Amino acid sequence: MSRKKPGEFQVVNHSVAREDGVAKVTGRAVYASDIRLEGMAYAKLLRSPFAHARILSIDASEALRQPGVIAVLHGNNLQGIDPYYGHAVKDHPLLAIGKVRFLGEPVAAVVAEDERSAYEALESVRVEYEELPGVLEVDAALADGAPLVHETSYAGGSFRGFDDPGSMKASNICQEVHLEWGDVAAAFAQAAQVVEGVYYFPMAYAYAMEAYVSIADYNDSGLTVYSSAQHPFIVRHDLAGVFGLFLNRVRVVVPFVGGGYGSKSYTKIEPLTAACSWKAKRPVKLQLSVAEAMLTTRNDDARVRIRTAVDREGRLVAREATIHLNTGAYAENSPLVARKAANRIVGPYRIPNVKVDCCAIYTNTVPASSFRGFGATQVTFPGESQMDELAEKLSCHPVEFRRKNLAARGESIHPGLRPLDADLAGDIAMVVQALETDKPLSKGHGRAVACSASDAGSDPVTSTIVHVYADGSVSVMTGSTELGQGSHTVLRQIAAEEMGVELQKVRVIGPDTAVTPFERSTGASRTTTLMGRAVLEACQEAIVQLRDMAAEILKTAPENLILERSGVAFQDRRLSWQDVLRTFFGLSDCSIIGRAYLRKVGDLALLPVFWEIGCTGVEIAVDAETGRICLERLVTVGDVGLAIHPAMVEGQDLGAATMGLGIGLYEELLYEGQQLLNGNLLDYRVPRFSDLAPKIDLLLVQNQDGRGPYGAKGGGEGSLNPIPACLANALYQATGVRLRRLPLTPERVWRALREQRNKGDNVGH
Amino acid sequence: MKVPVEITVNGTRHRSEVEPRLLLVHYLRDVLDLTGTHVGCETGLCGACTILLDGEAVKSCMMLAVQANVRAVETVEGLSVEGELDAVQRGFWEEHGLQCGFCTPGMLLSAHDLLRRSPQPTEEEIQRAIHGNLCRCTGYQTIVKAIQNAGDKMRAGKPSAASSSPSTRGRR
């Protein structure tokens, strides 16, 4: 079947109205925090005041006597459930057991009739601690004789679709990943030029405006949880483990989610909320504040020692890196972050000799986990900084240097993984053109272009059901979570395109693990590619059934029928799908089911599902007096195969780039000793309206080269990854100052400029 | 101890007995069940809880319910009239000025406050006016366009009742 091209689609490839638009502009959109169940009680958490301490005793008797208090949970009264969870490493107790591992770790939960009673009773919970020496940074954690964050080893979690974390030995090393091909030592020995440096990627907070919230109802028929989770099926898996329930007894429902950006992936407060309900025998709501959310998950901050070599012709010959990730107190998704950081440090380049050692390291800090683009963000900054550093050594334009080394479509950048499925040379040419790099720069201005390639899509296990009704309407049952990225709109478009119905006739339902078929997760930019393809295939499967029914009605063979946009034709007769269903069943309100599932076979056998491309350009202005960097111009490329919804791809790209801007210029969680200094929105600076660049170009590339519907592939993370490197490289171009530590705060820039001036003065005299 | 308050919300007068410490945002959400106004940072920074108080944008997490006594509050639920979206709502929908939607109610009311004062705001004015509202999804550009679009609609008169959904935009 020939594939439709842009311009030939009815619904897809158009920026249609958002499916959730009316609900969201009228205030009718329901988020988990809006849900209230009959008889619902409220939980509040007592948090550890120490980064590392033994819990000597917990006395909840006085708290239990407080007005309105129903139950108090703590590490000593969780008998009857398995209190540990974790999809990669089962190391995370739902409340601290025996000891606390970071300042802010939940130690006790008070369940009461209302939030205030729960909150007020917290101070009546008596906890005796014996403070222990802690490890707050990776060097301290790796030192000989360092205190151990975890004294015991743990079983691996289900770790879906990736390497087994291996046997966990008692050390502060949570996960090691090693990657090697070619002969790195020989390549460096023969190299024409080498650059080497240590780069720091900051500890950052994703700041979903809606903080974590979940509501649990544990009763005789099982467990129902409403949550702000990105991955309801993985939450279900972990809950089933904690309570020893069959999967079909655990129902996880995710209504609208107020931002995720990876921070709501995997399991967070759901096991604790469910335990509160189990103990209190009531539905229980646990709503965290933003300040508490900042004590729940962050990204892995990284120190990357990296060197890169080129030959005389300016071809990359080797890259060697040691990556230390500060994983915090629990593994969460950091083992996978480590794997991805190692994979993604190669970038979209042909490098014949590579050696990477990546280590995720436990410390007594807030647990680190997924954050939009994870792995790629941490390593694209050093990787792409070094591309500019090498270009300068070679007296080559940084763009030319990249062009020379970019892998072409179909070329392998990583042995064992899928060859590159994008045209990066084309992408970079578009950025260069939009950025007008040929025009002279004003004083104090700098421009840069950078790119990245991420092995994206995660484990391709996805399924869906499409109901086709006799009145011409269609429902898509999806386990994908609507985080604002527009998944429900895109899936609706695909179903409308395939079934030949108006957009308004398609309803998207889910996720609800009791109703919607299995989907591994909503992350790694997978939804359009995988769930979108599953929806397309489910529609096609329904159409085959409808065609067979039509053949029976028309008393002919199915292959004699001509498929039309929303029905079949045979000789002079035409039957719409509506006609087919009504005639076949003799009822006007019946329906059939089309279904599809994807797994790691066929064209999805080789990972990644697709390479997610980042290709961005910036122009900045640097104020030499204050050190402040202003973004003057931003160019992004959404290399998405086919933009099912062009405006939403642009929205993802600008949103991602803006997060890159935040991390590049402002955002950093700071510790002083064991205390998180800026764990609130007042002190943690996220991009505001005034940070918007005056000129923005959001470009789309539609080469239909993905494995998703109509050749689509994912986006949404790519435009974040190269932005910090773009900023650092543009700063260098503007001022000659090379900074290897993010964020590029005014103070850092100002100090570097002053140092440069002082050096210059010394040379001058 | 509870105190009586009389607060007009979206044109309807409500009499309630509330604790003096009750925040206005919790009054709206928990007492009146108007959950369109969102609780974000609870420190007055994010703007997700923005409402109109006597026509002016305020952050309802920074006020007590008793401070709104005998005053008029407008929330996102009061914007559409007889099921028809108003110009600002339509602007945000048409220009994709939202993604996750959590900031949207506050943005809509801040936009109303601005457009009342300045019907044809420049981009700079919009930036200044909405500086107290954060959005982590969009990167703000579409929100600027949404507010300009809404201003155009308001100046053109009543929003067209012809269609209840934005037109399909062609491929660009």
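This is a predicted model: local features need pLDDT of at least 70, side-chain atom pairs count only at pLDDT 80 or more; totals for chains, interfaces and linings use all residues.

Biologist: How do you know how confident the predictor is about chain A?

Modeller: The scale, pLDDT, runs from 0 to 100. Chain A has a mean of 96, and 98% of its residues reach 70 or more. Residues 160–164 of chain A are below 50, and that stretch has ten contacts in the model beyond near neighbours in sequence.

Biologist: What makes the radius of gyration of chain A agree or disagree with that of a compact globule?

Modeller: A compact globule with 765 residues would have a value near 27 Å; chain A has 27 Å, so the two agree. Along its principal axes, the C-alpha trace of chain A spans about 95 × 70 × 45 Å.

Biologist: Why is a residue called buried, and what share of chain A is buried?

Modeller: A residue is called buried because 20 or more other C-beta atoms lie within 10 Å of its own. In chain A, 60% of the 765 residues are buried.

Biologist: What makes two residues of chains A and B count as being in contact, and how many residues of each chain are involved?

Modeller: Their C-beta atoms must lie within 7 Å. By that test, 45 residues of chain B are in contact with 49 residues of chain A. On the chain B side, helix H2 (87–94), helix H3 (104–117) and helix H5 (141–155) are the elements that give two or more residues. The residues on that side of chain B divide into 19 nonpolar, 20 polar and six charged.

Conventions
Residues are numbered from 1 along each chain as its sequence is written. Chains are lettered from A and ligands numbered from 1 in the order in which they are written. The radius of gyration is taken over C-alpha atoms; the globule rule is 2.2 Å times the number of residues to the power 0.38. A residue is buried if 20 or more other C-beta atoms lie within 10 Å of its own, exposed if 12 or fewer, and partly exposed in between; C-beta atoms are placed from the backbone. Helices (H or I, at least four residues) and strands (E, at least two) are DSSP runs, numbered from the N terminus. Ala, Val, Leu, Ile, Met, Phe, Trp, Tyr, Cys and Pro count as nonpolar, Asp, Glu, Lys and Arg as charged, and the others, Gly among them, as polar.
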